[in-house]
Amino acid sequence: MIESELIQGLRNGDETAFKYLVENYQDRVYNTAISIVHNPEDAEDVAQEVFIQVYRSIHSFKEESKLSTWLYRIATTRALDLLRSRKSKKRAGFIQRLFGEDNEPAIEIPDFYHPGVALDQKENAAKLFKAIKQLPENQRIAFTLHKVEHLSYQEVSEVMKTSVPAIESLMHRAKQNLRKILEKDMR
Amino acid sequence: MNSEKNNKMDQILNSIDQIGRVEAPNFFYTRLKAKMEEALPSESGVRSWVFRPAFAFAALLLVILINAAVFFKGAVSDKVAPASETEIFQSIASEYSINSNLTYEINQ
């Protein structure tokens, strides 16, 4: 199915078109989500939310970018939103514990093992993903889309609505920061 | 020592170079559809409810009852004799506290 036909089908509320969209893009959306949220259940929730948003707002999609670009943009935004809401809940929980309302010990977050990583790289990749999580949001998204989803700098720049040199700069800073974080962990 | 550390760091940084794409869980579409039906019930819910035979029959009955009520009320009110002109004048006069003689004079 050509992309314009697919978009038209989605706008007409055609279920076959929607099923085609989900079946062709679910892995990309899910892989992006799991690489950011580091949890399979949360990643599935994010992926579902992405397709629901596409279903709801396909009429406002202006076709200035590819459908996949739009999907990546929604997926990264949704994943970051989920992390932000988790962070604020965690902060509220910390304050509660501080004032003695809840004396339960904090739950240790286990290391994230990305299912797409080869077995011999499992431990190293877990360290890397832990470090990626500490990067600023824009560096994290650029690094994840380029390194995990294997998007080109051009494609990443379209998803993030910025220029290619800006992505090059983000990637450079991301690598520098990752080195600093890993160095600190290795001490 | 330092080069060993750098080597280790490079190994970590390059550990995801050969990373593969993770597939979405099985039955993703089925679960998505179920979630959508939950999240978007208003549209499909109202439509199915309106076209349910019980609702259509009840609506039709209500329309017939309203029509019947209007028809019979009209028939009853037609049977009441119209008030005479004097009675109308007297009722207006009493409402606005006007002397009833005046109405009498008008009638004369």
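## Contacts and overall build

Two residues are in contact if their C-beta atoms, placed from the backbone, lie within 7 Å. By that definition, residues 24 or more positions apart account for 56% of the contacts in chain A with a separation of 6 or more. The model is predicted.

Chain A has eight helices and zero strands. Its order from the N terminus is α-α-α-α-α-α-α-α. Of the 187 residues in chain A, 33% are buried.

## The largest nonpolar core

The largest nonpolar core holds 50 residues. Five of them touch the most other members: Ala33(A), Ala47(A), Val50(A), Leu71(A) and Ala75(A). Both chains contribute. In chain A, at least two residues each come from α2 (15-37), α3 (40-57), α4 (67-98), α5 (122-132), α6 (137-147), α7 (153-159) and α8 (164-186). In chain B, α2 also supplies at least two. The largest share, ten residues, belongs to α2(A). In soluble globular proteins, nonpolar side chains tend to be buried together.

Take Val50(A) as one example. Setting aside neighbours within four places in sequence, Val50(A) is in contact with Val29(A), Leu71(A), Ile74(A), Ala75(A) and Arg78(A). Two of these partners, Leu71(A) and Ala75(A), are also listed with Val50(A) among the core residues that touch the most other members.

## Where chain B meets chain A

The interface joins 22 residues of chain B to 31 residues of chain A. On the chain B side, α1 (2-13) and α2 (28-39) are the elements that give two or more residues. By class, this side of chain B has 13 nonpolar, four polar and five charged residues.

## α5(A) and its cover

Six residues of α5(A) are buried: Ala125(A), Lys127(A), Leu128(A), Phe129(A), Ala131(A) and Ile132(A). Their cover includes α6 and α8 of chain A. It also includes α1 of chain B.

How do α5(A) and α1(B) pack, and at what angle? Their axes lie 8 Å apart, at an angle of about 85 degrees. Angles of 65 to 115 degrees count as roughly perpendicular, so α5(A) and α1(B) are roughly perpendicular to each other.

The contact itself brings Asn124(A), Lys127(A) and Leu128(A) of α5(A) to Gln11(B), Ile12(B) and Leu13(B) of α1(B). By class, these residues are three nonpolar, two polar and one charged.

Technical notes:
Residues numbered from 1 in each chain as written. Chains lettered and ligands numbered in written order. Predicted model: local features only at pLDDT ≥ 70, side-chain atom pairs only at ≥ 80, totals over all residues. Helix = DSSP H or I, 4+ residues; strand = E, 2+ residues; numbered from the N terminus. Buried ≥ 20, exposed ≤ 12 C-beta atoms within 10 Å, placed from the backbone. Nonpolar A, V, L, I, M, F, W, Y, C, P; charged D, E, K, R; others polar. Core = buried A, V, L, I, M, F, W, Y, C linked by C-beta atoms within 7 Å. Axes fitted to C-alpha atoms, helices over the stretch in contact; angles between N-to-C directions. Parallel < 35°, antiparallel > 145°, perpendicular 65-115°, else oblique.
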